[in-house]
Amino acid sequence: MAAMTQVSMKKKRTLGEWARSRDGQKVFVMVAFMIIPLVLLFVFTYLPFAEMFGFSFYNMKYIGERKFVGLKNYIRVFQRDDCFSALKNSLYYMGGSVVQLALALYLATVLSFKVKGGSIFKGFMFFPYLINGIAVGFIFKFFYTRGFVFDTVLQWFGFELENLPYWLKDQSINNISLVGTSVWRYFGQNMVLFIGAIMSVDSELYEAAMLDGANRFQQFMYIILPSIKTIIVLNVILSITGSLSAFEPPYVITSGANGTGTYFVIMHEIAHTQQKVGVASAMAIILLMIIFAATILQKLFFKYVFRSAEDEDLNATARRDKKLAKLAARKAGR
Amino acid sequence: MTNLQKIGSYALTVLKYLSLVFFSFVAIIPVVSCVITAFKTDTEYQNTNVMVFPESWLYFENFVQAFERANMGRGFINSIIILVSVLVISTFVGTQLAYVLNRFKFPGNGLIRSLFLFASLLPGVAMQVSLYAIMHGMGFINSLWGYIILMCGTDVISIYIYIQFFENISISLDESAIVDGASYFTIFYRILLPLLKPAIVTSCILKGVNTYNEYYAANLYLQDKKLLPTVATSLYTFVGPLGSKYNLICAGVIISLLPALVLFITCQKQIYSGLTSGAVKG
């Protein structure tokens with residue numbers, strides 16, 4: 001008798017019984033634990049993304065009537081001179097990120113081996129990363145002011161004040177000055193990432209190389225560089241997309257004056273000062289498309305370059321997931 | 001080693017230390033100049049070069065003035081409220097999500113991970129154009145809670161730190177608890193969450209620094225600068241007529257970065273490992 005009821009219970013479970021079972025609990029926990037993050041993700045990322053796409057076809061402000069204008073906003077973006085010159089500015093930021101990565105790599109390599117006072121050097125160079133953007137803005141407005149910090153330091157090294165340019169006004173140099181602040185802020189963070197990567201290299205490799213008589217440079221070229229190849233490639237990809245979307249240095253230091261406006265600074269101005277929401281949305285969509293195109297092209301490029309290494313990898317998909325995760329982590333760290 | 005090799009290796013060592021000293025100098029000189037200037041009186045500031053040390057390192061008037069004028073007291077209170085709420089909420093939200101994504105296999109698991117990854121690749125500034133309209137629609141302009149919820153929603157990196165950590169916690173722990181009849185909630189809160197502590201500390205430090213330093217969204221959505229400044233946005237006070245009183249501004253800047261400095265000195269290791277753990281392993 002008892003056996004029979006058990007059998008019938010397995011066949012037909014009421015909703016309440018299902019809810020008390022393991023499977024029911026599992027679904028309940030999944031829903032309870034995921035609903036909040038998914039709602040937040042939807043409301044603050046995907047909804048605005050979709051809305052922005054919609055906005056880009058309208059002539060509108062934040063409040064008031066909106067009028068459908070088709071692709072006119074997109075055409076208008078391409079007609080604006082400031083948008084194009086802004087994209088040209090991003091070349092400076094790309095140059096800056098190359099310098100930044102090379103510098104970080106050099107310093108990371110040096111600091112990965114025994115160095116007296118290594119952690120103090122590391123701390124000094126990393127600290128700028130922890131300063132908030134507005135403070136960085138003030139620090140560098142002050143730093144670059146005529147006759148102030150930078151000029152004084154250069155004078156210690158024998159430069160004459162008359163020969164020095166106005167760092168933030170002179171259009172031939174001001175973008176470089178701004179890129180310098182960005183390099184200043186992030187090279188230490190890059191360095192810490194690279195040190196982490198170098199530390200994860202098996203130390204027996206170094207010992208073996210030492211025994212074989214490899215010098216420091218050879219160790220770098222043949223052990224360190226290949227082992228941390230992935231993280232370097234990731235940083236290159238990130239820095240190129242990051243250069244296209246550069247925003248902070250001009251926004252907080254010059255407000256985009258004197259030809260320092262990057263694409264996003266101009267977009268911010270159009271969106272929030274002039275309130276031309278449609279045009280600004282079109283600008284954002286265009287840049288996003290450029291960034292995605294650039295990301296895909298770079299991925300294909302690096303895949304081609306490192307194909308031999310990838311071929312050996314049986315777990316290609318798992319690897320790709322991890323790469324994406326790294327990309328995201330780095331991005332969020334910025 | 002021959003003599004030539006010896007000389008070469010000495011030269012390399014000298015070069016190595018020279019470059020380290022040089023770049024450390026580059027990294028700290030902007031901040032040091034700010035500290036120097038923050039201790040100068042108005043007349044001293046006007047009459048001496050910026051790199052000349054102040055007469056007295058005990059002249060704190062600028063700090064007092066900056067603190068009052070920029071309403072930094074209010075800023076610290078708001079920043080603390082924001083920080084505590086964001087860290088508590090996002091720790092729960094993030095660990096729970098990571099638990100489900102790591103321990104349960106279900107259709108859509110990969111899709112959800114991809115959705116979070118893709119979201120993190122969208123540049124934040126671009127999204128604000130339409131996000132502003134949405135925040136406006138929900139009545140989240142000039143609302144501390146609106147801002148807090150926004151800050152909880154845009155978090156991706158900690159989810160990845162947690163998922164990685166879960167991967168290293170043996171699943172047999174869960175299984176034996178299930179055999180003992182524990183519910184999934186019990187397993188998560190009683191068994192796994194305590195084990196997750198190092199990951200939580202790491203991700204809270206990173207998230208905390210980012211939240212404390214956030215100024216763009218704070219400026220956009222917390223427009224009432226009298227009642228709702230954060231430490232970072234309170235510095236905007238110095239943009240207007242006070243814009244050339246750098247002794248005051250520098251004092252404000254120094255005050256705003258003191259908490260980050262203290263955190264850095266006390267938790268240096270966790271900060272470094274937090275940055276690398278999200279990025280390097282795997």
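Here are some notes on the predicted model of chains A and B, going from confidence to the interface and then to details of chain A.

1. Ground rules. Residues count from 1 along each chain as its sequence is written, while chains are lettered from A and ligands numbered from 1 in the order in which they are written. Since this is a predicted model, local features need pLDDT of at least 70 and side-chain atom pairs count only at pLDDT 80 or more, whereas totals for chains, interfaces and linings use all residues.

2. Overall confidence. The model comes with ipTM 0.89 and pTM 0.85. For pLDDT (the predictor's confidence in each residue, from 0 to 100), chain B averages 89, with 97% of the residues at 70 or above. Within chain B, the lowest mean among the elements is 84, for helix H8 (residues 157–167), and the highest is 94, for helix H4 (residues 72–103). Helices here are DSSP runs of H or I with at least four residues, strands are E runs of at least two, and both are numbered from the N terminus.

3. Where to be careful in chain A. Chain A averages a pLDDT of 84, and 87% of the residues score at least 70. A contact means C-beta atoms, placed from the backbone, within 7 Å. Residues 308–314 of chain A also stay under 50, with three contacts beyond four places in sequence.

4. The interface. Chain A puts 73 residues into the contact and chain B puts in 72. On the chain B side, the largest share is twelve residues from helix H14 (residues 246–277). That side of chain B is made up of 55 nonpolar, 16 polar and one charged residues. The classes work like this: Ala, Val, Leu, Ile, Met, Phe, Trp, Tyr, Cys and Pro are nonpolar, Asp, Glu, Lys and Arg are charged, and the others, Gly among them, are polar.

5. Helix H9 (residues 174–199) of chain A packs on H14(B) at about 75°, with the axes 9 Å apart. The axes are lines fitted to C-alpha atoms over the stretch in contact, and angles run from 0 to 180 degrees between N-to-C directions. So H9(A) is roughly perpendicular to H14(B), a label that covers 65 to 115 degrees. A:Gln189, A:Val192, A:Leu193 and A:Gly196 meet B:Tyr272, B:Leu275 and B:Thr276.

6. Chain A as a whole. I see 17 helices and two strands in chain A, and 41% of its 334 residues count as buried. Buried means 20 or more other C-beta atoms within 10 Å of the residue's own, exposed means 12 or fewer, and partly exposed is in between, with C-beta atoms placed from the backbone. The domain assignment, automatic or from a database, gives domain 1 (15–55) and domain 2 (72–333). Their centres, taken over C-alpha atoms, are 36 Å apart.

7. Two local spots. In helix H8 (residues 149–156) of chain A, the buried residues are A:Val149, A:Phe150 and A:Asp151. Their cover includes helix H7 (133–144) of chain A and helix H1 (3–38) of chain B. After H8(A) comes A:Gly158, with a positive phi near 95°. Elsewhere, A:Tyr304 sits in helix H15 (residues 277–305) of chain A and counts as exposed because it has 9 C-beta neighbours inside 10 Å.

Notes
Two residues are in contact if their C-beta atoms, placed from the backbone, lie within 7 Å. Angles under 35 degrees count as roughly parallel, over 145 as roughly antiparallel, 65 to 115 as roughly perpendicular and the rest as oblique.
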